[in-house]
Amino acid sequence: MSILELLYYPDKRLRNIATPVINFNNNTKQIVNNMLETMYKNKGIGLAATQVNIHKQIIVIDISTTLKKPLILINPRLIKKQGNTSIIEGCLSIPQQHYAIPRAAIVKIHAFNQHGDFFKIQANNLLAICIQHEMDHLIGKLLIDYLN
């Protein structure tokens with residue numbers, strides 16, 4: 001595994017729209033492993049492939065206290081959202097800036113894991129917010145885009 005280089009705002013590559021993963025192979029697994037290592041090294045709880053200049057629909061998240069329960073979302077699709085919430089969010093690509101961003105309180109997602117297995121997940125609280133934040137990266141949207 002290796003640490004990947006993070007892109008920082010205002011790098012224009014953060015605005016790229018990620019494409020779906022077609023082949024679930026060893027390369028996909030290596031990208032996921034490298035993204036996890038990069039996220040943990042930078043003390044993040046979520047990372048989208050776009051943030052490391054890989055423009056594929058890959059997200060890694062780990063909000064566990066042990067940092068040993070990663071969630072891998074490949075080609076995620078938002079199926080349902082409800083309610084409203086907001087917390088002060090930060091972003092590895094925009095260091096030392098934190099903002100209250102409006103988010104859905106509950107989300108339902110369809111995605112694949114790194115092995116190509118399809119699954120559904122319903123999330124709330126911090127996990128729902130993190131999923132929405134990282135999915136924004138896949139479409140080139142940053143948390144500063146929510147500011148007036």
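This is a predicted model: local features need pLDDT of at least 70, side-chain atom pairs count only at pLDDT 80 or more; totals for chains, interfaces and linings use all residues.
Ile87 has 32% relative accessibility, so I put it down as partly exposed.

Next, the inside. The largest nonpolar core has 18 residues, and the members touching the most others are Ile59, Ile61, Leu71, Leu73, Ile109, Leu127 and Ile131. I checked which elements give two or more residues to this core: β2 (58–61), β3 (71–82), β6 (106–112), β7 (118–124) and α2 (125–138). Helix α2 has the largest share, with six residues.

Leaving out residues up to four places away in sequence, Leu73 touches Gln57, Ile58, Ile59, Ile61, Ala111, Phe112, Phe119 and Ile131. I also noted another core apart from the largest one, with 17 residues including Leu6, Leu36, Val52 and Ile58.

Then I went for the rings. Searching the whole structure gave me two aromatic pairs. Phe24 and Phe112 sit 5.5 Å centre to centre with 45° between the planes, a tilted pair. This pair links distant parts of the chain, 88 residues apart: Phe24 is in the segment before α1 (26–41), and Phe112 is in strand β6. Phe112 and Phe118 also have centres 5.5 Å apart, but their planes are at 65°, so I logged that pair as edge-to-face. Together, ring pairs link Phe24, Phe112 and Phe118 into a cluster.

Methods
Residues are numbered from 1 along each chain as its sequence is written. Side-chain values use heavy atoms; hydrogens and water are left out. A nonpolar core is a set of buried Ala, Val, Leu, Ile, Met, Phe, Trp, Tyr and Cys residues joined through side-chain atoms within 4.5 Å. Buried means under 20% relative accessible area, exposed over 50%, partly exposed in between (1.4 Å probe, protein chains only). Helices (H or I, at least four residues) and strands (E, at least two) are DSSP runs, numbered from the N terminus. Contact means heavy atoms within 4.5 Å. Rings of Phe, Tyr and Trp (its six-membered ring) pair if their centres lie within 6.5 Å; planes under 30 degrees apart count as stacked, over 60 as edge-to-face and the rest as tilted.
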